[in-house]
Amino acid sequence: MVRAMEQYLRSEIPSTPFCPGCGHGILLGLVLRSIHALGIDMREMLFVSGIGCASWIPSPHFNADTLHTTHGRAIAFATGAKLYNPKLRVMVISGDGDLSSIGGNHLIHAARRDIDLKVICANNMIYGMTGGQVAATTPLGSTTSTTPLGNPDRPFDLCKLVQAAGGRFVARHSVTQPLALMESIKKSLSFEGFSFIEVLSPCATQYGSKNLLESAPKIMEWLMENCIPREEAEGLSPEELEEKIITGEWGYVETGTG
Amino acid sequence: MGWRRIKAPLPPGRYYFSGNEAVAEGAIAAGCRFYGGYPITPSSETMERMAHRLGQIGGVFVQMEDELSSIAAVIGASWAGAKAMTATSGPGLSLMMENIGYAAFTETPCIIVDIQRAGPATGQATRVGSGDIMQAKWGSHGDYQIIALSPWSVQEMYDGTIRAFNFAERYRVPTFVLGDEAVGHLRETLEIKPWVRVFDRKKSRGRPPFDSKNPRQIPPMPTFGEGENLLVTGSTHDGHGIRRTDDPKVHSRLVRRLNDKILLNQQDIVDTEEFFIEDAVVTVLCYGFTARSTLTAVKELRERGHKVGFMRLKTLWPFPHERVGQLSQGVEKIFVPEMNRGQVAGEAMKSSRCEVVSFCQTNGEIIRPEVIRQEVMRVL
Ligand SMILES: Cc1ncc(C[n+]2csc(CCOP(=O)(O)OP(=O)(O)O)c2C)c(N)n1
Ligand code: SF4
Ligand SMILES: [Mg+2]
């Protein structure tokens with residue numbers, strides 16, 4: 001399997017720039033495995049990303065056309081490319097800060113337009129690249145380099161946000177749920193219309209270190225404990241659900257297209 | 001690819017158009033098939049006409065959520081193979097700046113039409129100004145070059161837009177049509193000729209899309225979906241697009257090449273128009289709508305026997321320093337009337353050997369010929 005994946009990676013790039021244990025590396029592998037599972041020709045794909053650690057997932061690693069843009073604007077660049085050449089299968093992979101804060105307006109408008117983009121948001125609940133500042137996705141109370149006394153604001157529920165804006169297929173999984181995540185990526189690849197997958201992708205370096213989750217295994221364990229599939233969550237009380245992250249798929253799912 | 005001659009989409013003949021409509025027709029004639037924009041006075045007529053015209057011919061029109069996304073979509077479409085444009089005015093141009101720098105750094109052909117209004121800030125939205133000359137050149141961070149044209153008539157809004165697309169495709173550079181409210185809303189006769197010369201970006205399989213040995217030469221530009229595994233990035237990159245963000249040599253080479261590819265080719269880009277220069281004692285250096293008032297004023301001054309010359313900048317960037325320098329050796333003064341606080345006058349001072357007299361009017365109104373006449377009389 002690992003050898004089979006090599007065809008999707010640029011041989012001239014020796015390694016990824018991610019910290020050991022970074023969730024983004026796992027997500028990188030899962031995106032490629034999903035593409036492999038569907039037998040999609042990488043020449044049909046265009047990967048667009050913004051700025052941040054997450055934006056380095058496709059660029060320069062993927063052996064395909066990649067467009068590494070400015071901070072927050074990946075979806076807008078992708079919109080132009082997709083509208084002009086609808087034959088391209090366009091996937092946007094970027095961070096939570098990139099897609100939901102500086103780029104939040106493009107996210108909701110692309111969902112409203114229902115343009116056929118497969119958006120994957122690598123959510124580490126922090127601005128990783130710039131040193132761990134608070135993001136629009138940082139949990140209430142978390143310590144960050146710009147909220148030394150704890151984050152006073154509530155985070156976005158990105159899936160609800162995108163659904164409310166008109167996104168017909170949204171999903172949320174953690175990189176600690178690889179099979180479910182791959183299923184959703186595969187669905188989004190064959191879904192015609194705007195799709196959005198929020199991927200909990202841990203950053204021990206910038207988020208964990210300030211929130212008692214300072215090693216990759218610790219933050220992975222935390223995710224495994226706190227990410228609950230929506231089917232399981234249905235039986236739990238509000239108290240039991242406090243601080244839990246509900247994962248799964250929402251919205252209309254079309255199969256067999258694309 | 002390269003130069004080709006095509007039939008003009010509109011039947012040849014005389015039309016009565018506004019400048020902003022002529023921009024749209026010029027764009028269609030040049031092969032523009034993607035428009036992404038956001039409404040703003042005094043440029044919206046271009047957008048509305050593009051919505052209509054691209055719909056007729058199977059192009060793509062999208063009204064984006066703001067100007068940041070408008071220029072982003074234009075750049076995305078350009079890499080997907082489109083000749084692509086946007087049109088805006090000052091506030092929108094300010095929002096586009098980061099991505100214009102991105103387009104310059106990634107060598108993305110694209111057209112930005114800026115119909116200047118009286119700024120700063122919201123200023124006088126419906127009134128004329130030309131305060132964006134420096135922003136067009138220097139508005140994004142870092143050192144880069146762009147090309148900018150300065151049309152003075154409806155005819156030049158049409159011809160100049162075609163030219164702008166050809167420059168953008170040929171030099172892989174963001175190219176501006178720096179109009180102003182007066183020329184955008186001016187209505188006059190436009191002559192459509194039967195043929196249009198257009199340039200299409202060059203492709204060459206496997207060759208590095210972001211480097212060339214000879215800095216005058218423009219690297220080939222492949223398109224997404226052609227199997228070229230394109231790596232497009234706004235980070236410092238080598239010839240193949242691979243990030244080299246800590247290599248001083250790569251960064252220095254890239255920045256120099258992006259500047260050189262325009263500056264070393266400026267003979268081919270820079271364009272001026274001159275009348276009554278030979279014996280002139282004072283020459284009026286002008287551009288955009290103000291050049292119309294200037295020409296009237298200069299003719300009147302000549303009729304009264306004053307040795308006044310006229311030099312119009314049809315292109316503003318790269319700035320025609322060489323020509324201004326030559327001109328300044330034969331005259332006592334260069335007089336520069338502008339609807340800003342002396343942006344071009346300041347630039348002209350860099351190369352002028354004689355005194356440069358700046359005349360600024362920033363009241364949201366065009367500079368009238370009699371004002372120019374009187375002001376020139378004072379310095380004669
Ligand atoms: C316009 C602009 N503002 C700020 C920055 C600095 N910046 C770079 S990456 C980043 C945050 C990225 O966070 P996220 O998208 O969550 O990605 P992560 O690094 O966490 O994976 C910021 C603020 C920038 N590059 N451009
Ligand atoms: S800083 Fe965080 S997000 Fe960035 S590479 Fe390191 S672990 Fe990953
Ligand atoms: Mg992040």
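How many salt bridges does the rule find across the interface of chain A and chain B?

1. One salt bridge is found across the interface of chain A and chain B. Its partners are the side chains of E65(B) and R113(A), at 2.7 Å, N to O. The rule asks for a side-chain nitrogen of Lys or Arg within 4 Å of a carboxyl oxygen of Asp or Glu.

2. This is a predicted model: local features need pLDDT of at least 70, side-chain atom pairs count only at pLDDT 80 or more, and totals for chains, interfaces and linings use all residues. Residues are numbered from 1 along each chain as its sequence is written, chains are lettered from A in the order in which they are written, and side-chain values use heavy atoms, without hydrogens and water.

3. Chain A gives 31 residues to the contact and chain B gives 36 residues. Contact means heavy atoms within 4.5 Å.

4. The two chains, A and B, bury about 2700 Å² between them, 60% of it on carbon and sulfur atoms. Buried area is the accessible area (1.4 Å probe) lost on putting two parts together, summed over both. D65(A), F77(A) and Y84(A) supply 23% of the area that chain A buries against chain B, more than any other three residues.

5. β2(A) pairs with β12(B), residues 231-233, in the parallel sense over three bridges. H68(A) stands opposite T233(B) in β12(B). Strands here are DSSP runs of E, at least two residues, numbered from the N terminus. Two strands pair if DSSP finds at least two bridges between them.

Technical notes
Helices (H or I, at least four residues) and strands (E, at least two) are DSSP runs, numbered from the N terminus.
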